[in-house]
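Subject: Handover of a structure

Dear colleague,

Please find the structure below, followed by an account of what was found in it. I would be grateful if you would read the two side by side.

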Protein chains: 4
Amino acid sequence: MSASTWSLSITDRERLIKAAFEAKEFAYSRYSKFRVGAALLSTDGQIIKGANIENASYGGTICAERTAFVKAVSEGTRSFSALAVVTDVASPLSPCGMCRQVIREFCAQDMPILLVPSDYDSRIAKGEKDGILETSIAELLPHSFGPEELELPREPSA
Amino acid sequence: MSASTWSLSITDRERLIKAAFEAKEFAYSRYSKFRVGAALLSTDGQIIKGANIENASYGGTICAERTAFVKAVSEGTRSFSALAVVTDVASPLSPCGMCRQVIREFCAQDMPILLVPSDYDSRIAKGEKDGILETSIAELLPHSFGPEELELPREPSA
Amino acid sequence: MSASTWSLSITDRERLIKAAFEAKEFAYSRYSKFRVGAALLSTDGQIIKGANIENASYGGTICAERTAFVKAVSEGTRSFSALAVVTDVASPLSPCGMCRQVIREFCAQDMPILLVPSDYDSRIAKGEKDGILETSIAELLPHSFGPEELELPREPSA
Amino acid sequence: MSASTWSLSITDRERLIKAAFEAKEFAYSRYSKFRVGAALLSTDGQIIKGANIENASYGGTICAERTAFVKAVSEGTRSFSALAVVTDVASPLSPCGMCRQVIREFCAQDMPILLVPSDYDSRIAKGEKDGILETSIAELLPHSFGPEELELPREPSA
Ligand SMILES: [Zn+2]
Ligand SMILES: [Zn+2]
Ligand SMILES: [Zn+2]
Ligand SMILES: [Zn+2]
């Protein structure tokens, strides 16, 4: 499965990455001190930003990626063409498992997911490789189940 | 503790309730078939809408109230003056515990929370009582802990 | 609503409190450094211990109270007569909202919930008041909804 | 990365699978009607069972796999050598993303994870292939982050 069948234009790719960095500024990371920003591109060209919003109960924390998804879906947007995620760490970090499951609910298996290093801008400025890890939910959540699996025939419960 | 010190104007109250109904239309309630809408009024007069966004894993579900909060906070809005919630059930239903904990993170103890019955509009049309249960997080989550409690002095951990 | 109709014997009360302290020793509180212990008394006299088990994703954290409940229920025990909770903080701290919702799923409204201060033992040794805050889910999660509310008649969804 | 370096004996494999089926019997799957059982083998030879414990709030649901982990860890067991999961569906179903993240917290990348079809027993009785999908967290949660990634050097937060 390859992300290359998706036509994410250079322009869209750049504005999506920029939006993920902007999104990170609004993180409410009071407990972890670990800021994350996400940006989601919808198939109709909108960009929806998310940041991690933590909670004193820890378990009530909602990650940047899920924030972006619920923002979009709650405004009627359910069709997406790319996602970008950035943290304050130089190596590209990947969504947590819970976010992968939410991505799985709404996105095609091969939709591009861009994991952006925090020093992306300086890499670009220096003419270096951009350091982005480009992946997909097929890669990040193999053997996944989604809405359709819950409708498979089941043995009768006891 | 009383919500009466808050000056939620009639106009704000009405547009908040209307927004909660509108929000409900975008619920993604594929598993429960139970739609919920929420609307949050920020102290600078914005209205932020949320709907429940469910997930095949059930545990990955995010309620309408939390959707509204992460939308607001991820756009830089952290100060709120009222919340309204509505479902498809005639009796006013209350936020789940997890949402109460998220409300606790960001709202004053006595901020008005309006639990709106699904037949609000027809009640108003008939000149009946509006059926709204007006409450607060002080009432809904007594003896709560928030950010400050995590900073209390602790015994040394083993 | 009063917890006084419950006959929690002195012996059961003491062994429940002791169990909550023991439970705290197994907390996996790598991120918050905040240990919590819980102990649940089943109606058939078993004591089930829980501790908070945190996760690098924060949102994947499961509190001490919920740990105790899923342990019990997954062994076939669904009927409870008391819960005790203790942390490393001297003042009695209360369950988070998510845990209150899980308590609501399985317990009677007036089942005793004992919030135990970390210095309980030294209080007892000194002959002081035990400092326990005794409460119930009726008090901690008023206007709650549970399984039955999800079965209320609903307006047709759009 | 291969699971074959693990010496899961035939005996352990069989008692683990049996335990996962037994665990499923205690599922509290009131909302999804979808039962899941999990069994965890600790390095000291214990078997810990888990079932899915659902909640009226949906988001408060805890899966079978996470139930097994919090049971073990809250009793002082943090080192594991295999996991088995079974549902009521004939095809082997995989843990949700949230559970994968919890597995990641406590298990080696190549620890065997057995996804067992519901008709395993009749397959064995008929002398057919057992239908088990054997995998690992390396495969199920690639590019994952765990405790160590949260300690990477970060750019200063704004
Ligand atoms: Zn996440
Ligand atoms: Zn909720
Ligand atoms: Zn809790
Ligand atoms: Zn799961």
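In this predicted model, 34 residues of chain B are in contact with 34 residues of chain A, where contact means heavy atoms within 4.5 Å. About 2900 Å² is buried between chain B and chain A, and carbon and sulfur atoms give 64% of that area. Buried area is the accessible area (1.4 Å probe) that two parts lose on being put together, summed over both. The size of an interface is often given in this way, as the accessible area lost when the parts come together.

Two salt bridges are found across the interface of chain B and chain A; a salt bridge is a side-chain nitrogen of Lys or Arg within 4 Å of a carboxyl oxygen of Asp or Glu. Glu75(B) and Lys71(A) meet through their side chains in a salt bridge, at 2.4 Å from N to O. The interface of chain B and chain A also has 16 residue pairs in polar contact, both residues at pLDDT 80 or more. A polar contact is a pair of N or O atoms within 3.5 Å; within protein, one must be able to donate a hydrogen and the other to accept it, and residues adjacent in sequence count only if both atoms are side-chain atoms. On the side of chain B that touches chain A, strand S2 (47-51), helix H2 (64-73) and H3 of chain B each supply at least two residues. H2(B) gives the most to that side, with five residues. Helices (H or I, at least four residues) and strands (E, at least two) are DSSP runs, numbered from the N terminus.

Chain B also meets chain C: 35 residues of chain B are in contact with 35 residues of chain C. The area buried between chain B and chain C is about 2800 Å², with 57% coming from carbon and sulfur atoms. In chain B, the residues that lose the most area to chain C are His143(B), Arg154(B) and Glu155(B), together 20% of what that side buries. Helix H3 (97-106) and helix H5 (137-140) of chain B each supply at least two residues of the side that touches chain C, and H3(B) gives the most, with four residues.

Cys63(A) lies in the loop between strand S2 (47-51) and helix H2 (64-73) of chain A, and Cys96(A) in the loop between strand S3 (80-87) and helix H3 (97-106) of chain A, so the pair ties together parts that are 33 residues apart in sequence. Cys96(A) is buried, at 3% relative accessibility; buried means under 20% relative accessible area, exposed over 50%, and partly exposed in between (1.4 Å probe, protein chains only).

Residues are numbered from 1 along each chain as its sequence is written, while chains are lettered from A and ligands numbered from 1 in the order in which they are written. Local features need pLDDT of at least 70, side-chain atom pairs count only at pLDDT 80 or more, and totals for chains, interfaces and linings use all residues; side-chain values use heavy atoms, with hydrogens and water left out.

Yours sincerely
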